[in-house]
Amino acid sequence: MSESAPTSGNGNGKAKGKLAIYWAASCGGCEISILGIDTKILDVAAAFDLVMCPCIADGKVRDIEKMADGEIDVCLFNGGIRTSEQEYMARLLRQKSKCLIAFGSCATEGCIPGLGNLHNRQEIFDNSYTSETHSTENPDNVRPQAVTEVPEGKLHLPIFYDTLKTLDQTVDVDYYLPGCPPESPRIWEAIEVLLSGNLPAKGATIGENTTVCDYCPRTRKNKKIKEFKRTWEVIPDDETCLLEQGLICAGLATRAGCGALCPQVNSPCIGCYGPNEGVEDYGARFLSALASVIDSEDPDEIDEIISKGIPDPIGTFYRFSLAGSLMRRGKRPAPAATSQ
Amino acid sequence: MAEKIGVYVCHCGSNIAGKVDVEEIAQWAGENLDDVAVSRDYKFMCSSLGQQMIEDDIKKEKLTRVVVGACSPHLHEKTFRRACSNAGMNPYLMDLTNIREHCSWVHKDRSLATEKARALISAAVQRVKHQEPLEPMYVDVNPATLVIGGGIAGLQATLELADAGYHVYLVERLPSIGGHMAQFDKTFPTLDCSACILTPKMSEAGQHENVTLLTYAELEEVSGSVGSFKVKIRQKSRCVDYDACTGCGICVEKCPRKVLDTEFEAGMGNRKAIYMPFPQAVPRVPVIDQDSCIWFERQKCRACEKLCPTDAIKFDQEDELIDIEVGNIIIATGWKPFDSKKIPQYGYGRLANVYTSMEFERLCNAAGPTNGKIVMRDGKTVPKSIAIVHCVGSRDDRHNPYCSGICCMAALKFGHLVLEKTDAEVYSFYIDMRTNQKNYEEFYQRLLGEGMRFVRGKVSEVTDAARMPTEQGKLIVQCEDTLIGRQQRYPVDMVILMGALEPQEDARELGLKCGISCSMEGWYTERHPKLDPVATMTDGVFVAGTCQGPKDIPASVAQGAAAAARVAGMITKGKVMIEPIVASINEQACSGCKICNNMCPYNAIEFIEETETSRVITALCKGCGTCVAACPAGVITGAHFNNKQIFAEIEGALWDALQPAAESSSQAETVPASAS
């Protein structure tokens, strides 16, 4: 993609570039963070025409469909792919964009919606529409249908997939911008990179190549842990490494970019910036690092330390990265066992 | 650039070919795997003809990579690397995949084993493409050697090396060298006086110009690797000036505090608070037992200090850390006796006249607490009947599954000594008599002739609860005599429990310090149980004697000498090759989280305070990969085992699963047409 960098609109009065921002299975936090670049948004507006951003601006799918392939210079795509509509939009925007950026944790690694992959569609629907959760009131057992016949004709809803996929599991992606959400200053830096035309190699993550610890002011001495503690169990001192105090802080496994915001306010890192450069599987990395600092040789004691201190392993190690991890569903579709 | 790969599948006679269709696999690899230029099978790849075949192909076919499917890399990785090297290829561009131990030997079904071998070959072919040429490194071998443990095995190793002209540091935890052998009266089957054959070796080691004796000292820390180990020894405080002491013994004589000697006398006799374990101790420098000394207890006495003619007593002496550098390490830390209290039904500790074998050794030792008179706990009554119980804690799943090897012979020796010194009847309660070394069976026959009685059966209980008048005041040994198939009760005066030999309590800890591993029980693991019995998986660290497993004195001595020969070989060679398979840290990306620093079993990772990053000291790294796996940021790379290579290997192994299946790119197809 590098030959087609969006250099057209860097404020020299030339033709502006075209920018699209889209959301799929995500929360909207990415858009908020984009707006967080504050007055720099004017620089963005000077450089780009915003052709689509469902959260902030108007813009119709049919207008995008009418565009020529590659007409959009940059598309910031946040959210994972959970429905047929999202898949359609991902494919459409891929086709129309010179440069497609997986923006934020959901698009790059699945994030919280990706935890749905612990279940299938059937289970998710059961839980959402018929279970005894307090917020569910559905006496007629109504379920979303792809096609519903009503007197006026047929109504269509997007198909809800069994599995949430990341953007690059669905379409070809040019760059990645991690974070839940990406921090505003990092977004601006990324935009500057794009405007400069000095683009990294395709497939690169635009960000740092070190971890949160590098920015954490706490002192690190000796990592030997006899007991993992949960955040409500202790008030940590604000000098020592949180992990050394027994709190499961993911800073050592998590890409830098946030400036170690959480550890600086006594809250352990939860890993929203994803794996460091070159790490294939965030959870496995973090897990093996933690396993190696448990201070015991006795299997029973180790079991005890783990079961007491880490009651939710998936939530601890794969909170953000389950969908994008090596632990995804099998490569071949399972035999048609689930039917709704 | 596409690689040209040669694939060589070995039959290993019928070892592999018996379970794996090697011809078919070789053909399949040649036809189906990308970049494979040559693929052959051969009866014995490791033979000179097999190696020649590889060498010729590399030259003729201009191969850039080689995959050999044969046995374990432990056995022949070096062989095939050499073959590649001979043909001008970097040896690290060869991959040996194990289709014998990992495949043909462990599977029964021929077709499944063949499929597994196919996957392994495919994995190796994918992996080898990503392997990188590496250059081995060489280091000088420091001619000094550390021997840990001053028992007979360690002594033998020490003297062999010292006599060959090499310097040895002999470290012993106790105040004197000599080990368990110093406690024995006689040795089987020759009935040599143990002290008579041991003490000359002890004093030789004590006086040898090439031996630095460090007794009452323990290994604190080992760093470095083969050729250049750096070792920290903790010289425990003796409270005695080693150089000033002449060993006159006045201090011991005048010390008013007597304590039970649980070490050398196995609790059968006393020693003083300042003591030499036994009269022939080497060195003849006493130590003060600070837990018992009156001065340390309540700041009174100082009798020894006042009376010492050379002012050698130093109450304020502190532990000293001694740094030494050696090229090789021989571990000969021996064994510890089984705690017979763990089998309460045998009554040890509860019934006075139940003895452990070490107690009995002291009891019949001419230099022991009774001057060799075999008497009961009251100190005067000579027993009229003695039962010797074999396999106490050995060959018993509740304690140790293994046979301790020496107890049958030690029991026969006891039997002989009792029959020689008393009129007592001696019963041996055995499961199987194990007398399979030179002159051992003859000794057994001799004892049969001398009138020792043998009952084949495992003792179920030793009790003092009499059921019949004849049992009054006796210890009753309850046992099924399996030769007549009947439960029998044997009233005796004294019972000797032949306790198992067990690994030292801290064997694992010491092993960890030296980078070697233990078996489940805690015996050190040798490199190969048959062909390399004194080497370990860590180059430059050797084991000798009972720390590797129960054995008798001749075998311990043989191992001591063997380990010394191996070390002498290393020293003579002068240089040692170090595998270039090491880890490296991308210091730019390292955040200095300090996860890896404690992990390294070889202390090869240093933390640099200025940059707050960690760095691998290449000369110390053994390439084990612990840090690579532990690094949460993924910035440590293991040469020869990097992500690219490993993922390629995994994908190769899953070659059939990765075959292009029926197109199923869109999720929509998997969604049922109708919902609910």
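Which residues in helix α7 (residues 121-130) of chain A are buried?

## A buried face in chain A

This is a predicted model. In helix α7 of chain A, which covers residues 121-130, the buried residues are A:Arg121, A:Ile124 and A:Phe125. They line one face of the helix, because they fall within an arc of 95° when seen down the axis of α7(A). An α-helix has 3.6 residues a turn, so residues three or four places apart point the same way. The cover over the buried residues of α7(A) includes β4 (81-83) and β8 (160-165) of chain A.

## Domains of chain A

Chain A is divided into domain 1 (2-113 + 164-196) and domain 2 (212-317). Between the C-alpha centres of domain 1 of chain A and domain 2 of chain A there are 32 Å. Nine residues from domain 1 of chain A and eight residues from domain 2 of chain A take part in the contact.

## A:Ser321

A:Ser321 is placed in the segment after α12 (313-317) of chain A. Its relative accessible area is 4%, and buried means under 20%, so A:Ser321 counts as buried.

Leaving aside neighbours within four places in sequence, A:Ser321 has contacts with A:Glu109, A:Tyr282 and A:Gly283. A:Leu157 is 164 residues from A:Ser321 in sequence, and the two are 28 Å apart in space, C-alpha to C-alpha.

## Chain B as a whole

Chain B has 676 residues, of which 55% count as buried. It contains 18 helices and 34 strands. Taken along the principal axes, the C-alpha atoms of chain B fill a box of roughly 90 × 70 × 65 Å. Among the contacts in chain B with a separation of 6 or more, 68% are between residues 24 or more positions apart.

The domain assignment gives four entries for chain B: domain 1 (5-134), domain 2 (237-318), domain 3 (335-502) and domain 4 (583-639). Over C-alpha atoms, the centres of domain 3 of chain B and domain 4 of chain B are separated by 55 Å.

## Two helix pairs in chain B

Helix α1 (residues 22-32) of chain B packs against helix α5 (residues 110-128) of chain B at an angle of about 35°, and their axes are 10 Å apart. The crossing of α1(B) and α5(B) is right-handed. From α1(B), the residues B:Glu24, B:Ile25, B:Trp28 and B:Ala29 meet B:Thr114, B:Ala117, B:Arg118, B:Ile121 and B:Ser122 of α5(B). By class, this contact has five nonpolar, two polar and two charged residues.

Helix α12 (residues 407-421) and helix α13 (residues 440-450) of chain B have axes that come within 10 Å and cross at roughly 35°. The crossing of α12(B) and α13(B) is left-handed. On the α12(B) side, the residues are B:Met409, B:Leu412, B:Lys413, B:Gly415, B:His416 and B:Leu419, and they meet B:Tyr440, B:Phe443, B:Tyr444, B:Arg446, B:Leu447 and B:Glu450 in α13(B). Seven nonpolar, two polar and three charged residues make up the contact of α12(B) with α13(B).

## B:Asp532

Where in chain B is B:Asp532 found? B:Asp532 is in the loop between α14 (507-514) and β29 (541-543) of chain B. With a relative accessibility of 14%, below the 20% limit for buried, B:Asp532 counts as buried. Not counting residues up to four places away in sequence, B:Asp532 touches B:Glu526, B:Arg527 and B:Arg566.

How values were computed: Residues are numbered from 1 along each chain as its sequence is written. Chains are lettered from A and ligands numbered from 1 in the order in which they are written. This is a predicted model: local features need pLDDT of at least 70, side-chain atom pairs count only at pLDDT 80 or more; totals for chains, interfaces and linings use all residues. Side-chain values use heavy atoms; hydrogens and water are left out. Domain bounds come from an automatic or database domain assignment. Helices (H or I, at least four residues) and strands (E, at least two) are DSSP runs, numbered from the N terminus. Buried means under 20% relative accessible area, exposed over 50%, partly exposed in between (1.4 Å probe, protein chains only). Contact means heavy atoms within 4.5 Å. Axes are lines fitted to C-alpha atoms, for helices over the stretch in contact, and angles run from 0 to 180 degrees between N-to-C directions. A crossing is left-handed if the near helix is turned anticlockwise from the far one by less than a right angle, and right-handed if clockwise. Ala, Val, Leu, Ile, Met, Phe, Trp, Tyr, Cys and Pro count as nonpolar, Asp, Glu, Lys and Arg as charged, and the others, Gly among them, as polar. The arc is that of the directions from the helix axis to the C-beta atoms.
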